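Hi,

Here is the structure I said I would pass on.

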Amino acid sequence: AEDVDRLVAALADIEAKSFQADGGGLPFRAMEFYGIEGIGKTRALNVVKEICENKNLPFVAIESSFMWKDVQDKAGLISEFLRSVCEQVGRRSESANFAATASTILENMQRQQDVNSAEHKDQFKEFIGVLVEIYSRVHFPFILLLDKTEYCPQELFEWIGMNFARLFVESKESPGMAFFFAGKGERIKESSWPRFFKKASAQYKLNPFSPEFTEDHISALPDGMLYKPATNFIYDLSNGHPYSTEMIVYELNRLGVEADAVEDHRMELAERLYKQVIRQHILEDAPDWIKKFVEIASVPRWFKPDLLKRLFCEINDLPDGFPANADAIWFTYKTAELRSFPWNLVLVTKDAYAIEPSLRKLIQKALSILHPQDSIHLHEKIKKLYSDLDSLDFAVTLEILFHTAVIAILKKRDVLAEVKSELERQL
């Protein structure tokens, strides 16, 4: 509900400031939702759509294509983007004629291969002029919903802010512009967009649902009420990750499992979680080396490249992409790569790195069920690596205690006693 209130406030704000005569600042606002696959980013954009429809606000919705990410033809991508704008704007009767004019200008632009040529730039300004006139006549801001921004090439993304948006809002007759983006990372913040656009943008990281909201989520799913009594078990598996919760409920329903027999299918559900959600959905586009990197690096709650180097020395049968005897520099480089667009799988913590928390918890939950002995071995190895640091850093001590607790849980020992004993040893 809080997120919906923010969306309504943002739309009201852009409407209110779009037609101010004194023009205190450019009429531009942007909201960016980001997080791992299945966390609810597209749902957030669907809420925006519903709000726009209820308020009779026209909007343009574009989903970045997986095929875009390796395209080198910038002119072709720009044409595809503008063509989608024309088609959607032209669906409203009051703007159909102007949209047809814009389409004619676009056809002329497409004949120009060089997007930096003077002729192409003049035609593009003419196109924006028509678009501004369309929206100033209907007295609505231009609202763009862009989904899956991780597939939007950097050149195209920069063009959207530096050219498309800038020309539109700088026009004297501009009725304003609002962007709502959804993707794996913070694209606007990391872009070269004008400073004003960045200041007028807000980023929201979407996190897993709470146990209470997961219960509501389960109840709202087809046949979900049947499994509401098993909410705690389902939440323990999914960690509140919406897509995982839906997969579990779907699978239970497909198998015809009764609510009181849900826990008997723990192993089967964990396998589905690992294969279908983690590897085939969240890490769908990732090469095998990334999948393995993330899987192993998710054992510690935080890491440094040198620690990963020593941890991976213990791993056999590494996939292609891992050089023999990779050093800390290689792990530093790869960690930076996974932190950036388009992966956004690594976060920076204080003086260290961490796998995206929602993904890390999912991976560790699934693997602790499927391969408990392997999980124990990795946690013992990590614990030893941290212990060997012989550090007085409290964060290191906490990590040692954390892995002590995990090992005790997996070995079905007294967790409190094991942690107490380790803490006394550390002290």
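H18 and H19 cross with a right-handed sense. Do keep in mind while you read that this is a predicted model. H18 covers residues 394-410 and H19 covers residues 415-426, and the two pack at an angle of about 150° with their axes 9 Å apart. That angle is why H18 counts as roughly antiparallel to H19. If you want to find the contact on screen, the H18 side is made by Thr-397, Ile-400, Leu-401, Thr-404, Ala-405, Ala-408 and Ile-409. Facing them from H19 are Val-415, Glu-418, Val-419, Glu-422, Leu-423 and Gln-426. Sorted by class, the residues of this contact come out as eight nonpolar, three polar and two charged.

There is another helix pair worth a look, H14 with H15. Their axes cross at roughly 110° and come within 8 Å. At that angle H14 is roughly perpendicular to H15. The crossing of H14 and H15 is right-handed. From H14, the residues in the contact are Pro-305, Asp-306, Leu-308, Lys-309 and Phe-312, and they meet Ala-328, Phe-331, Thr-332 and Thr-335 in H15. By class, the H14 and H15 contact has five nonpolar residues, two polar ones and two charged ones.

Now the aromatics. How many aromatic pairs does the structure hold? The count is 30. I picked out two of them for you. One is Phe-157 with Trp-193, a stacked pair at 5.0 Å centre to centre with 20° between the planes. This pair links distant parts of the chain, with Phe-157 in helix H6 (residues 154-170) and Trp-193 in the loop between helix H7 (187-190) and helix H8 (195-199), 36 residues apart. Both Phe-157 and Trp-193 are buried.

The other is Trp-289 with Phe-322, an edge-to-face pair whose ring centres are 6.4 Å apart, with 80° between the planes. Here too distant parts of the chain are linked: Trp-289 is in helix H13 (residues 288-297), while Phe-322 is in the loop between helix H14 (305-312) and helix H15 (328-339), 33 residues apart. Trp-289 and Phe-322 are both buried.

Phe-181 is in strand S4, which runs over residues 177-183. Is Phe-181 buried or exposed? Its relative accessible area is 0%, so Phe-181 is buried. Leaving out neighbours within four places in sequence, Phe-181 is in contact with Met-31, Glu-32, Phe-33, Leu-45, Leu-144, Leu-146, Thr-149, Phe-157, Ile-188 and Trp-193. That list includes Phe-157 and Trp-193, the two rings of the stacked pair. Phe-181 and Ala-61 are 120 residues apart along the chain, yet their C-alpha atoms are separated by 9.9 Å.

Two more residues, in case you are browsing. Ser-358 is found in helix H16 (residues 357-370). Its relative accessibility is 7%, so Ser-358 counts as buried. Not counting residues up to four places away in sequence, Ser-358 touches Ile-36, Ile-39 and Pro-208. Thr-104, in helix H4 (residues 96-110), has 44% relative accessibility and therefore counts as partly exposed. From Thr-104 to Phe-127 is 23 residues in sequence and 9.1 Å in space, C-alpha to C-alpha.

Finally, the overall picture. The protein has 19 helices and seven strands. Its C-alpha trace spans about 75 × 50 × 40 Å along the principal axes. Of the 427 residues, 49% are buried. Taking contacts between residues at least 6 apart in sequence, 73% join residues at least 24 apart.

Cheers

Notes
Residues are numbered from 1 along each chain as its sequence is written. This is a predicted model: local features need pLDDT of at least 70, side-chain atom pairs count only at pLDDT 80 or more; totals for chains, interfaces and linings use all residues. Side-chain values use heavy atoms; hydrogens and water are left out. Axes are lines fitted to C-alpha atoms, for helices over the stretch in contact, and angles run from 0 to 180 degrees between N-to-C directions. Helices (H or I, at least four residues) and strands (E, at least two) are DSSP runs, numbered from the N terminus. Angles under 35 degrees count as roughly parallel, over 145 as roughly antiparallel, 65 to 115 as roughly perpendicular and the rest as oblique. A crossing is left-handed if the near helix is turned anticlockwise from the far one by less than a right angle, and right-handed if clockwise. Contact means heavy atoms within 4.5 Å. Ala, Val, Leu, Ile, Met, Phe, Trp, Tyr, Cys and Pro count as nonpolar, Asp, Glu, Lys and Arg as charged, and the others, Gly among them, as polar. Buried means under 20% relative accessible area, exposed over 50%, partly exposed in between (1.4 Å probe, protein chains only). Rings of Phe, Tyr and Trp (its six-membered ring) pair if their centres lie within 6.5 Å; planes under 30 degrees apart count as stacked, over 60 as edge-to-face and the rest as tilted.
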